[in-house]
Amino acid sequence: MAVTIQWFPGHMAKAIREFEENISLVDIVFELVDARAPYSTLNPEIARISANKPHLYILTKRDLADEKLTRQWLNYFHSQNSAAIAVDAKGKFGVKDILTAINPLLKDKLERELAKGMKPRPIRAIAVGVPNVGKSTVLNRLVKRRAAQVGNRPGVTKGQQWLKADNHLELLDTPGILWPKFQDQLIADKLALTGAIKDSVYHSDDIALFGLEYFVAHYPQALQERYKLTEEDLELPTADLLLLITKNIGMRDDYERASNRIILDMRSKKVGPFTLDTLEDIDNE
Ligand code: GDP
């Protein structure tokens, strides 16, 4: 087994309890998933707990993902009656994109408030997602820190605050950290390669081999270009391919170091872009 994921039942129970408390305070849930693994980074419990709340799926790290598959995933989430957008959270992205995406879902709420002669209050949202998916980056983008705090409100747990994104949108200040799916070795490998699992809990050569095998099958050219490989090289058993790449990048026989390099290359799009989940992964569950 390559990866042991350290989430204990106590942690999960606490995360669920916190999320259940918060869900009643918001109009909509922003669930962040990694565009490179939109299925593997979906939390299994969130849909159940927040079943009757509108959902916006924010596919982060679009810049690192396979654009064709990103479009398929967006269509899939839309087909589930949810809103969905894909973003490069570090690029051109802001509150307007979010508001445009959620507008159709919250139209009823706005119309009801207007019909009652009420001034529509800002939409309240909570952002949730597995570690490293980009929650802080997204929140920082949406909220202008200094002027952001709206202050405590009744019903909000002590220490929690609403942050103002603009006049139409407020976010609960602490993003919810979720555990990923981990019952499945393949999903664990995908999470490790994208960085959703701490590097210290798996062997880098296992993950590099997993990545190489996936790239040989799906993105062979990217590998060939980066590591100066021929088509025949790609037919080698994956362990031999790792050794060859180790030599080609001048690391002699230090395949541990080479493995770390390969993982970093994949995560930073030096080899890529890539996406590890396809819509078939849902059918296979
Ligand atoms: P959190 O643990 O969910 O709060 O994740 P962070 O916001 O700390 O982001 C984790 C890492 O991913 C950081 O190094 C971010 O710079 C990076 N990151 C977040 N969003 C994006 C994105 O859309 N594109 C790219 N390329 N990197 C991102």
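Predicted model: local features only at pLDDT ≥ 70, side-chain atom pairs only at ≥ 80, totals over all residues.
1. Confidence. The mean pLDDT of the protein is 87, and 90% of its residues reach 70 or more. The stretch at residues 146–157 has a pLDDT below 50, although in the model this stretch still has 16 contacts beyond near neighbours in sequence. For the complex, the predictor gives an ipTM of 0.99 together with a pTM of 0.91.

2. The ligand shell. There are 16 residues around the ligand, and those that come nearest are Ala89, Gly134, Lys135, Ser136 and Thr137. Helix H5, which covers residues 135–142, supplies the largest share of this shell with three residues. Sorted by class, the shell holds five nonpolar, six polar and five charged residues.

3. The annotated site. In the UniProt record, which is an unreviewed entry, the annotation "binding site" covers Asn132, Val133, Gly134, Lys135, Ser136, Thr137 and Gly176. These residues span 45 residues in sequence, yet no two of their C-alpha atoms are more than 13.7 Å apart, so they gather at one spot. Gly134, Lys135, Ser136 and Thr137 are named in this annotation, and they are also among the residues that come nearest to the ligand.

4. Lys135. Is this residue of the annotated site buried or exposed? Lys135 is found in helix H5, and it counts as buried because 23 other C-beta atoms lie within 10 Å, where 20 or more are needed.

5. Domains. The domain assignment divides the protein into domain 1, at 9–177, and domain 2, at 203–284. Taken over C-alpha atoms, the centres of domain 1 and domain 2 are separated by 33 Å. The contact between them takes 13 residues from domain 1 and 11 residues from domain 2. On the side of domain 1 that touches domain 2, the classes are eight nonpolar, three polar and two charged residues.

Key. Residues numbered from 1 in each chain as written. pLDDT = per-residue confidence, 0-100. Contact = placed C-beta atoms within 7 Å. Near = placed C-beta within 6 Å. Helix = DSSP H or I, 4+ residues; strand = E, 2+ residues; numbered from the N terminus. Nonpolar A, V, L, I, M, F, W, Y, C, P; charged D, E, K, R; others polar. UniProt positions renumbered as here; feature names shortened; annotations may be inferred. Buried ≥ 20, exposed ≤ 12 C-beta atoms within 10 Å, placed from the backbone. Domains from an automatic or database assignment.
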